[in-house]
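Subject: Structure handover

Hello,

Here is the structure I promised to pass on. Please open it first, then read my notes below.

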Amino acid sequence: MVQSKQRRLWIRTAILAVLVAAVAYTLYANFTKEDRGQLHVGDKAPDFALVDMDGNKHKLSDYRGKGVFLNFWGTWCEPCEREMPFLDNQYQKFTGQGVEVLAVNVGESHFLINNFVKKHQLTFPVLVDKSRDVQTAYGIDPLPTSFLIDPEGKIVKIITGTLTEKKIKNDMELIKP
């Protein structure tokens, strides 16, 4: 009888310890969630490899030595749609000066993306993040969000919200090699 009581005590203690650990982990995760996955100015931009609409693979590290205007967007996003023509105009002016644009669509179908690209006659590489792994790595929320990355791969500026053509021009000057 004594052994049975001791065994129940150990089982209850183990269950209680597991519950306390689960509560502690949940509290820790909630209090630190804003610190995890967030990038800041001065951080090294996480490398990634994505495929563009033509099937070509693009790695961020392949653009070392150039400034990169990394833009996350969606076809349904009105602010994204407003800034795309401005982004393309400046891309055409700055691409010969060592600044590249990589526009990362977050998880939409090729059909929707192709229609959007054709409608706006975009000439820069449009990459597809189907799994949203890159979106997660960069902590993207909301859209549009852009990262200015210098030729050494460091984040110079993080911009959320719609950009004007003048702002895009000034930002591209900032990352020009």
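Strand 3 (residues 67–73) and strand 6 run antiparallel, joined by five bridges. In this pair, phenylalanine 69 stands opposite leucine 148 of strand 6. Please keep in mind that this is a predicted model.

Strands 6 and 7 form a hairpin, with five residues between them. Glycine 153 sits in the turn and has a positive phi of about 90°.

How buried is strand 6? Five of the five residues of strand 6 (residues 145–149) are buried, so the strand is largely enclosed by the rest of the structure. Thr145, Phe147 and Ile149 point one way from the strand. Ser146 and Leu148 point the other way. In a regular strand, side chains alternate between the two faces of the sheet.

Seven strands form an open sheet with mixed pairing, in the order 2-1-5-4-3-6-7. Strand 2 (57–59) and strand 7 stand at the edges. Each has a single partner strand, so one side of each is left without a neighbour in the sheet. The twist from one strand to the next averages 30°.

Strand 2 pairs with strand 1 (residues 49–52) in the antiparallel sense, over three bridges. Lysine 59 in strand 2 is the bridge partner of alanine 49.

Next, the helices on the sheet. Helix 2 lies across strand 3, strand 4 (99–105) and strand 6. Helix 2 runs at about 160° to strand 3. Helix 5 (residues 165–175) packs on the sheet too, touching strand 3, strand 4, strand 6 and strand 7. The direction of helix 5 makes about 135° with that of strand 3.

Helix 2 also has a helix partner. Helix 2 (residues 78–94) and helix 3 (residues 110–120) pack at an angle of about 50°, with axes 10 Å apart. That angle makes helix 2 oblique to helix 3. The crossing is right-handed. Helix 2 brings Glu81, Met84 and Pro85 to the contact, and helix 3 brings Phe116, Lys119 and His120. These residues divide into three nonpolar, one polar and two charged.

Some backbone details deserve a look. Most residues other than glycine have a negative phi, and most peptide bonds are trans. Here are the exceptions I noted:

- Aspartate 141 and proline 142 are joined by a cis peptide bond, with omega about 5°. Proline 142 is in the loop between helix 4 (133–137) and strand 6.
- The bond from leucine 143 to proline 144 is cis, with omega near -10°. Proline 144 also lies in the loop between helix 4 and strand 6.
- Glutamine 121 is not a glycine, yet has a positive phi of about 50°. Glutamine 121 is in the loop between helix 3 and strand 5 (126–128). At 62% relative accessibility, this glutamine counts as exposed.
- Arginine 132 is not a glycine either, and has a positive phi of about 65°. Arginine 132 is in the loop between strand 5 and helix 4. At 39% relative accessibility, arginine 132 counts as partly exposed.

Best wishes

How values were computed
Residues numbered from 1 in each chain as written. Predicted model: local features only at pLDDT ≥ 70, side-chain atom pairs only at ≥ 80, totals over all residues. Heavy atoms only, no water. Axes fitted to C-alpha atoms, helices over the stretch in contact; angles between N-to-C directions. Helix = DSSP H or I, 4+ residues; strand = E, 2+ residues; numbered from the N terminus. Parallel < 35°, antiparallel > 145°, perpendicular 65-115°, else oblique. Left-handed = near helix turned anticlockwise from the far one by under 90°. Contact = heavy atoms within 4.5 Å. Nonpolar A, V, L, I, M, F, W, Y, C, P; charged D, E, K, R; others polar. Buried < 20%, exposed > 50% of the residue type's maximum accessible area, 1.4 Å probe, protein only. Pairing = 2+ DSSP bridges.
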